[in-house]
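Please open the model in the viewer and keep the selection panel at hand.

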Amino acid sequence: MTAASKKQELETDVLIVGAGPAGLSMAIELGMQGHRCLLVERHDRVGLAPRAKTTNVRSRELMRRWGIADQLAAASPFGIDYPSNVVFATRLTGRELARFPNAFYCSPVRDDRFSEHAQWIPQYKVEEVLRAHAHELPGVDIRFSTCLIDFSASAEGITATVSNLHNGDTQVVRAKYLVGADGARSTVREKLGVKMEGTSPLSHHANVIFHAPGLAQLHKLGPAVMYWLVNPDVPSVIAPLDDNDLWTFGYTKQEGDDSDPGPLIRAALGLDIKVDIRSRDEWTAHQLIATRYRQGPVFLIGDACHLHPPFGGHGMNMGIGDAVDLGWKLSAMLSGWGGPCLLDSYETERRQVHSRVVQESVTNHKRNSGSLWREGLEDDGPRGELIRADVACVIATGKRQEFDSLGVVLGSRYDSSPILMPEAGIERDPADSTHYVACAHPGCLAPHAWLSEGRAHGASLFDHFSPTGLTLLLICSSAKQAAAVVAAKACELKIPLKLVDASAHGLHALYGADMALIRPDQFVAWRGDSISTACTALEVAAGRHAHALV
């Protein structure tokens with residue numbers, strides 16, 4: 001520390017390290033529930049690095065829960081009506097091989113299965129919307145160009161030192177909890193001594209952002225969110241990034257290869273045009289999960305605890321899900337209604353999701369553009385047509401789960417958790433990547449329903465769930481007396497509970513019970529018709545004690 005450095009102390013509820021989507025989501029989740037948090041980020045988070053480009057259905061539902069889904073829609077460079085096609089072709093000006101319409105479910109047409117459509121939008125735009133909302137929350141303090149130097153943990157919480165990278169000033173921060181949302185090279189994870197297990201590296205890649213005025217009008221494949229280009233010269237993916245003629249170009253590369261990407265881009269396009277390279281970003285694909293996500297009052301979320309190839313668009317979205325799962329549990333502890341089992345459930349629940357999604361992403365990664373090439377694919381005549389038809393079938397069957405993954409996005413479930421009331425003798429359908437069937441089994445996302453016309457706030461059943469406490473969903477009018485007893489018990493236990501009477505909307509076929517207990521993250525904690533079991537479920541969902549089979 002220099003003589004000019006200062007040392008001050010600050011007290012907060014939670015210190016968050018890393019202001020990417022996971023860290024910002026954690027700050028929003030805590031700030032929405034009235035808690036203080038300090039969010040530090042060593043970088044300025046500016047620039048056009050491509051990173052994620054798909055905000056999936058589930059993340060958009062969570063943004064609706066925060067009240068910012070419309071803000072994200074307004075920030076879309078191409079508008080929400082832009083066709084989310086994924087097109088496979090030999091080159092941008094070559095022959096079309098296959099296409100997937102409405103990839104990732106970006107169409108704004110109302111769907112009974114979810115409250116918000118997905119959105120094709122670059123991550124830097126997503127972060128702008130998240131940052132703006134976080135800044136509006138009175139308990140949230142965001143500091144860029146500030147890094148974590150060190151921390152120690154005790155039964156009382158954590159004591160950390162952070163430093164301003166511009167002037168060298170340091171500050172001691174005391175908090176109840178610390179959340180490491182600081183990415184693949186996590187300082188928090190390193191200081192905890194937590195290892196990553198799996199396979200690394202899987203492959204090396206490069207992303208290039210380039211400017212090419214009028215490129216969208218120079219080919220005949222039509223508008224799309226991605227163009228997968230299958231050829232022997234430069235198998236790659238090209239995608240529109242922003243509405244000012246910015247594009248991304250991604251390809252597999254040899255480590256240490258610093259050749260000019262301009263000729264590669266022109267070969268992939270099939271056009272001899274000028275391309276203005278704006279940025280280059282090299283990255284490595286991994287298949288890694290942390291050996292543990294928690295040590296005392298310190299937690300890891302997002303890329304700090306799981307790394308996988310980006311194929312399928314799950315990475316950023318999974319980090320947002322981590323933040324909401326852990327965020328409501330930290331909030332319950334800070335508010336005094338959470339019990340000792342609550343924080344242990346974070347790793348138990350999320351590791352199940354991470355394991356499934358990492359494997360999905362690795363499977364998608366293996367089916368890259370280069371793997372689809374066949375000799376003669378670009379030939380004229382009957383032989384070329386036959387080869388292209390064969391490759392089209394391979395694409396249709398082998399790539400569908402990458403772009404039609406609602407079974408992963410909405411169907412991920414917590415089959416084992418200490419804060420769920422299990423159901424004896426219930427047969428669960430095997431997980432399916434593409435096919436999603438709503439299920440009200442404890443540990444599943446609550447089945448969605450529209451209660452009125454349109455998409456306005458209040459039209460979705462999810463709009464009526466409490467984001468800050470538990471919700472008792474009354475499905476049948478005959479259970480009104482029972483629901484009143486459960487609500488009284490929650491008041492006695494000082495567990496926040498919102499009673500939602502949906503008995504007029506015919507939801508019994510969806511939920512298979514008279515009542516359902518919904519967590520703040522919109523997952524089912526219990527369903528049934530027994531008053532005594534419902535009262536027990538309150539304490540289990542709050543982490544007051546672990547479940548027992550009923």
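Begin with the lining of the largest cavity, whose residues comprise eleven nonpolar, six polar and four charged. Here Ala, Val, Leu, Ile, Met, Phe, Trp, Tyr, Cys and Pro count as nonpolar, Asp, Glu, Lys and Arg as charged, and the others, Gly among them, as polar. The model is predicted: local features need pLDDT of at least 70 and side-chain atom pairs pLDDT 80 or more, while totals for chains, interfaces and linings use all residues. Numbering starts from 1 along each chain as its sequence is written, and side-chain values use heavy atoms, without hydrogens and water.

Next, select Arg58, Gly321, Arg350, Val353 and Val409, which lie nearest the centre of this cavity among its 21 lining residues. Then colour helices H2 (57-66), H7 (315-335), H8 (344-366) and H11 (406-409), each of which supplies at least two lining residues; H7 gives the largest share, five residues.

Now move to the rings of Phe100 and Phe403, whose centres are 5.2 Å apart with planes at 45°, so the pair is tilted. Rings of Phe, Tyr and Trp (its six-membered ring) pair if their centres lie within 6.5 Å; planes under 30 degrees apart count as stacked, over 60 as edge-to-face and the rest as tilted. Phe100 is in strand S6 (residues 96-100) and Phe403 in helix H10 (residues 400-403), so the pair ties together parts 303 residues apart in sequence.

Finally, select Phe88, Phe100, Phe104, Trp228, Phe311 and Phe403, a cluster linked by ring pairs.

Terms used: Helix = DSSP H or I, 4+ residues; strand = E, 2+ residues; numbered from the N terminus. 1 Å grid on protein atoms, 1.4 Å probe; cavity = no way out; pocket = protein on both sides within 12 Å on 5 of 7 lines; lining within 4 Å.
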